[in-house]
Amino acid sequence: MNTEKLTELVTGALEDLKGINIVCLDVRDISNVTDCMVIASGTSRRHVNSLAENVVAMAKKQSVMPLGTEGEAEGEWILVDLGDVLVNVMMPDTRLLYDLEKLWAPLPADKSQDKKV
């Protein structure tokens, strides 16, 4: 399954269970590990677990086997590794603390070349 279709599958799985503030970041140009990072929040640890479980279940239905998952026991931040797509489901406070959107945002264009000396 290509990255775009897998991203749609993941976002659909998150939306089905009312994932909050779902963001997809294209990180192809800044990461050699994955193409897309999906970030979503849940309202409780149980909700975070349910969101991640739904992503895994929907991926398996399409014959996409997760390479791994982490964080299920704590439920603060669950990572689902689908290869080309990494899914991060987090509690809002954890998401705010780690601010992955800022960490993985594309770098602004270098303006130093525009300056005249």
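Residues 24 or more positions apart account for 57% of those contacts in the chain that have a separation of 6 or more. Keep that in mind as we walk through this predicted model. The chain has 117 residues, 39% of them buried, and its accessible surface comes to about 7400 Å², with 53% of that belonging to carbon and sulfur atoms.

Let's start with the layout. There are four helices and five strands, and reading along the sequence gives the pattern α-β-β-α-β-β-β-α-α.

Now look inside. The largest nonpolar core holds 22 residues, and the members that touch the most others are V10, L14, V55, V80, L82 and V87. At least two residues of this core come from each of α1 (3–16), β2 (36–41), α2 (45–61), β4 (77–81) and β5 (85–90). Helix α2 gives the most, with six residues.

Beyond its neighbours within four places in sequence, V87 is in contact with V10, L14, V38, V55, I78, L79, V80 and L82. There is also a second, separate core of seven residues, among them L25, I39, L86 and M90.

Finally, turn to N54, which lies in helix α2. Why does N54 count as buried? Its relative accessible area is 16%, and the cut-off for buried is under 20%. Not counting residues up to four places away in sequence, N54 touches A13, D16 and L17. N54 and V10 also show how the fold brings sequence positions together: they are 44 residues apart in sequence, with 8.8 Å between their C-alpha atoms.

Notes:
Residues numbered from 1 in each chain as written. Predicted model: local features only at pLDDT ≥ 70, side-chain atom pairs only at ≥ 80, totals over all residues. Heavy atoms only, no water. Core = buried A, V, L, I, M, F, W, Y, C linked by side-chain atoms within 4.5 Å. Buried < 20%, exposed > 50% of the residue type's maximum accessible area, 1.4 Å probe, protein only. Contact = heavy atoms within 4.5 Å. Areas by Shrake-Rupley, 256 points an atom, 1.4 Å probe, with all protein chains shown as cover.
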